[in-house]
Amino acid sequence: MGSSCHLPVVCAVIERAGRVLLARRPAHKHLAHRWEFPGGKVEPGETPAAALTREIREELACAVQIRRRLPRFRHTYGRVTIEMIPFVCRLAARSPEPRPLEHTALAWVAPGRLRAYALAAADKPVVAALLRSRRGAQRSARGAPGRPAPAPSTQAVASAHSRPKAR
């Protein structure tokens, strides 16, 4: 077999109060201790949106509302190539707070600080796409005729896990 397997994988960029959620992988799994956007494999016959809903429920015991997709891309880990399907989401109304059921920690991180975390390799292009989409949205909001630029957000989110931890 000369060709690699293409595995569809979804991830959630969950936004809240100007920050996004990262989850830290456990020691016993592939990419141990790396930070990632939560998600997982798309099962046969499952849509990416349904897979995302299921994975977030299983991994974080919460529910999300999908806001938009980011561009799909491929990343190769050894003999497996994943097709990453990222979604920008927010917590659904009345959703419980995310809990790390399959991760060792969660962190709400300002988008500009995401690259300071030891991210899984396939999550780095998600960060780049997120930052590009946010810059584009800011430019279009500032450049829209007859509309004032949005006021800067003053709401902050405190978290015990809001900074990368030294090892």
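Leaving aside neighbours within four places in sequence, glutamate 15 is in contact (heavy atoms within 4.5 Å) with Val20, Arg67, Arg68, Val88, Cys89, Arg90, Trp108, Leu130 and Arg134. This is a predicted model, where local features need pLDDT of at least 70, side-chain atom pairs count only at pLDDT 80 or more, and totals for chains, interfaces and linings use all residues. Residues are numbered from 1 along each chain as its sequence is written, and side-chain values use heavy atoms, with hydrogens and water left out.

Glutamate 15 sits in strand S1, residues 5-16; strands are DSSP runs of E, at least two residues, and helices are runs of H or I, at least four, numbered from the N terminus. Is glutamate 15 buried or exposed? Its relative accessible area is 15%, so it is buried, which means under 20% with a 1.4 Å probe and protein chains only, whereas exposed means over 50%.

Next, the nonpolar cores: sets of buried Ala, Val, Leu, Ile, Met, Phe, Trp, Tyr and Cys residues joined through side-chain atoms within 4.5 Å. The largest has 24 residues, and Val13, Leu22, Phe37, Met84, Leu114 and Val126 have the most contacts inside it. S1, strand S2 (19-24), S7, strand S8 (105-109) and helix H2 (124-143) each supply at least two residues of this core. H2 gives the most, with five residues. Apart from this core lies another, of 18 residues, including Ala12 and Trp108.
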